[in-house]
Amino acid sequence: MPKRILVVDDDEMVLMALDELLRPEGYEVHTALRGAEALERLDQNGYDLLVLDIIMPEMDGFELCKKIREREGYKETPIVFLTAKSQEEDKVTGFEAGANLFLSKPISPDKLLEIISDTIE
C-alpha cells in the first residue's frame, strides 16, 4: 500500500508541482488549499506524512500544525513545513507548533525527495 501524503499550500502551482514530483515515486498524494480543508481531509483519510506551508489565508500553518497535533491519530505523524519563511524565529515557532522538519523554499526536487523518503519510511 502506498504511503499517503497530504500537502497543504494556498498556491495551486506548488500543489501541482509536489504532486508531479511525489506521485511517480509511488506516493499517494492528496492536496488542500486551506487549513480547514486539510482538517476535513484528516477526518476522511489517514496520512503517513503532512507537508504544510505557513503563509495561508484564514489559518496559517503554525495554527494548522497545532490543531493537527491535538488529533489522536496524528500526535506522531511526521509534519514537514515547506515554506518561504526562513527566519530563525519562524523555525522555532514551527517546532513549537509540533513540526518534525522545517524546510525553506526553494529546495531542489532531489533533496526534497530524499528528505521525504527518509522521513516517511
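Rings of Phe, Tyr and Trp (its six-membered ring) pair if their centres lie within 6.5 Å; planes under 30 degrees apart count as stacked, over 60 as edge-to-face and the rest as tilted. With that in hand, select Phe62, Phe81 and Phe102, which ring pairs link into a cluster.

A word on the model: it is predicted, with local features needing pLDDT of at least 70 and side-chain atom pairs pLDDT 80 or more, while totals for chains, interfaces and linings use all residues. Residues are numbered from 1 along each chain as its sequence is written, and side-chain values use heavy atoms, leaving out hydrogens and water.

Zoom in on Phe62 and Phe81: this pair is edge-to-face, with 5.6 Å from centre to centre and 70° between the planes. Phe62 lies in helix α3 and Phe81 in strand β4, so the pair ties together parts 19 residues apart in sequence; helices (H or I, at least four residues) and strands (E, at least two) are DSSP runs, numbered from the N terminus.

Next, turn to Phe81 and Phe102, whose ring centres are 5.9 Å apart with planes at 55°, so this pair is tilted. Phe102 belongs to strand β5, 21 residues from Phe81. Both Phe81 and Phe102 are buried, where buried means under 20% relative accessible area, exposed over 50% and partly exposed in between (1.4 Å probe, protein chains only).

Last stop: select Arg4 and Tyr47. The charged end of Arg4 sits over the Tyr47 ring, 5.8 Å from its centre; this requires NZ of Lys or CZ of Arg within 6 Å of the ring centre and within 35 degrees of the ring normal.
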